[in-house]
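Visitor: Hi, could you walk me through this one? I'd like to start with the fold and then go to the metals.

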Amino acid sequence: MIEYVDAAQAPLKNTGQIRLYDADGFAGMRKASQVTAECLDRLNEIVKPGVTTDEIDAFVYAFGMERDALPATLYYRGYRKSTCTSINHVVCHGIPGSKPLREGDIVNIDVTYIVDGWYGDSSRMYAVGQVKRAAERLMEVTYKALLRGLEVVKPGATTGDIGAAIQAYVESERCSVVRDFCGHGVGQLFHDAPNILHYGRPGEGIALQPGMIFTIEPMVNLGRPHVKILSDGWTAVTRDRSLSAQYEHSVGVTETGREIFTLSPGGYDPDLAART
Ligand code: MF3
Ligand code: CO
Ligand code: CO
C-alpha cells in the first residue's frame, strides 16, 4: 500500500520506467550541471601534492553552499561526504579522508550538485604533480572512451551501441572496462533508469529517444577488470591493484543528437566541445 507521504514522492521514485524530459528539464539540467562543471574546473587549482581529500571535499561543499547547490552524495545511502575521491587503484566511491595526495597520484573527483531539484553529475581525473607515462596514458584512454560513448548518443541508437563503442576502443588500447558499475538515468533523481553499461554489443539494450537524460561514466583499468569493495562498504578497488581511471558526463538526447550538460565552462574538454 502506498502511504500519503510516499504518494507525494511517487513521481520521483525509480520505477524502472524511462523518463522523458522537456525543454524545462533540459534547462534545469544545464543549470545544475554547469555548477558541477565549474567546481571541477576550480579543482584544477586545488589538487596538488600535500592537499588532503578532506580539503577537496570541504571545497566542494563550500562551493555548492555559495551557489545554493547541495552535494547529492551527502547522506545518500549513509554516505557522509560531498564528493568521491578515487586515488590510483581505487575504481570509484573513494571516501575523502585525512591522507594527503602525493606527487605521481592520479585521482578521480566525482561531484553531483542538486540545483532546484536537478542533479548535475560529472567526474574527471586529476594528475597530482608529475605522473608516470602509464598513468597519463590510462587517463587519456579513459577520456577518449567517454568521447566514443558520447558520439553514439542520438535518437535510434541503443544503450548497447554506447557500451560497445566504449568497450571496443578500451580493449583496442589493451585496457579493460569495469563491469560492476554503470552509468544511469539522471534528472530529478540521482540514479534512475536506464542503466548505461560501458560494454556490450551493438543493437542491444533500449533505443534512445529525445528527452532521455543519463550519465556515461566508464571506469577503465590498466590491468584486469575485476573489483572488490573494501570493508568501509564503499571504496571499490581493482583486485589486481592496477591503476584505474574514470570520466563522467551528464547528457541529454536531443532530436538530432545530444546535449552534454556538464561541459567545462573553462574549456577543459576542448575536443569534446568540438564534437557536440
Ligand atoms: N556520483 C556517483 C555516480 O557517478 C555516485 C556516488 S554515490 C556515493 O553515480 F554515495 F558513493 F557517493
Ligand atoms: Co553518475
Ligand atoms: Co558521478
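Visitor: How many helices and strands does the chain have?
Guide: There are six helices and 15 strands, counted as DSSP runs (H or I, at least four residues, for helices; E, at least two, for strands). This is a predicted model, where local features need pLDDT of at least 70, side-chain atom pairs count only at pLDDT 80 or more, and totals for chains, interfaces and linings use all residues. Residues are numbered from 1 along each chain, ligands from 1 in the order in which they are written, and side-chain values use heavy atoms, without hydrogens and water.

Visitor: What share of the residues is buried?
Guide: Of the 276 residues, 52% are buried, meaning under 20% relative accessible area with a 1.4 Å probe, protein chains only.

Visitor: On to the metals. Which residues coordinate the cobalt ion (ligand 2)?
Guide: Asp 121 (OD), His 184 (NE2), Glu 217 (OE) and Glu 248 (OE) do, at 2.0 to 2.3 Å. Donors here are N, O and S atoms within 2.8 Å of the metal (3.2 Å for Na, K and Ca); water is not among the atoms, so sites may look incomplete.

Visitor: And how are those donor residues spaced in sequence?
Guide: The pattern for the cobalt ion (ligand 2) is D-x62-H-x32-E-x30-E. Asp 121 lies in strand β5 (residues 118-127) and His 184 in strand β7 (residues 183-185), so the pair ties together parts 63 residues apart in sequence.

Visitor: Are Asp 121 and His 184 buried or exposed?
Guide: Both are buried.

Visitor: What does Asp 121 bridge?
Guide: Asp 121 bridges the cobalt ion (ligand 2) and the cobalt ion (ligand 3), which lie 3.3 Å apart.

Note on methods
Buried means under 20% relative accessible area, exposed over 50%, partly exposed in between (1.4 Å probe, protein chains only).
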